[in-house]
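Please read them with the structure open.

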Amino acid sequence: MVDNIKTKLDIIPVRWSNPNLGDLNINIYGFSKVNPGSTSGRGTLRNHLDPTIMAFTAYFGYSFNNLVDARAIKIGLRLWINHGFNTLTIEYDSMIVINMINKVTTTAWKHHGRDQ
């Protein structure tokens, strides 16, 4: 039966699009070796010309993948707010975390205080 399983591979070209003139774009990534496990996150803030304005990396220790993703987004937002930027587009790949931020989905955890 296993011999009859066929793998389907769809390749979709993905390209980063520059934000509009005067806007910023931040790409956020959270990493977890296993869930839960050792975790970290990073982000890159770019303008319409594509150069990196600023970037961050952070080690979060032992945690769950969705919590790490939310922490990475929080750090990116703090950078944006603390530097007085106006318009920001967040590019991120987890609909679960986006739904939690938009209060469409609930979580079993809450994050309070500053990031480590």
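The points below go from the overall fold to single residues.

1. Basis. This is a predicted model, in which local features need pLDDT of at least 70, side-chain atom pairs count only at pLDDT 80 or more, and totals for chains, interfaces and linings use all residues. Residues are numbered from 1 along each chain as its sequence is written, and side-chain values use heavy atoms, with hydrogens and water left out.

2. Overall make-up. The protein has two helices and four strands. Both kinds of element are DSSP runs numbered from the N terminus: helices are H or I with at least four residues, strands are E with at least two. From the N terminus on, the order is β-β-β-α-β-α. Of the 116 residues, 32% count as buried. Buried means under 20% relative accessible area, exposed over 50%, and partly exposed in between, with a 1.4 Å probe and protein chains only. Among contacts (heavy atoms within 4.5 Å) between residues at least 6 apart in sequence, 52% join residues at least 24 apart.

3. The sheet. Four strands form an open, mixed sheet in the order S3-S2-S1-S4. Strand S3 (52-63) and strand S4 (88-91) are the edges, each pairing on one side only. Neighbouring strands are turned by 15° against each other on average, direction ignored. Two strands count as paired if DSSP finds at least two bridges between them.

4. Strand S2 (residues 37-46) pairs with S3 in the antiparallel sense over 10 bridges. Ser38 stands opposite Tyr62 in S3. Arg46 has Thr52 of S3 as its bridge partner. Five residues lie between the two strands, and in this hairpin Asp50 takes a positive phi near 90°.

5. A cis peptide. Check the bond from Asn35 to Pro36: it is cis, with omega near -5°. Pro36 sits in the loop between S1 and S2.

6. Helix H1. H1 has 18 residues and reaches 26 Å from first C-alpha to last, close to the 26 Å expected at 1.5 Å a residue. The expected span is 1.5 Å times one less than the number of residues. H1 lies across strand S1 (24-32), S2, S3 and S4, running at about 145° to S3. Axes here are lines fitted to C-alpha atoms, for helices over the stretch in contact, and angles run from 0 to 180 degrees between N-to-C directions. Just after H1, Gly84 takes a positive phi of about 70°.

7. What H1 buries. Its buried residues include Leu67, Val68, Ile73, Ile75 and Trp80. Their cover includes S1, S2, S3, S4 and helix H2 (95-101).

8. Asp69. Asp69 belongs to helix H1 (residues 65-82). Leaving aside neighbours within four places in sequence, Asp69 is in contact with Ile28, Gly30, Tyr92, Ser94 and Val97.

9. Ser94. This residue is in the loop between S4 and H2. Why does Ser94 count as buried? Because its relative accessibility is 12%. Apart from neighbours within four places in sequence, Ser94 is in contact with Asn66 and Asp69.
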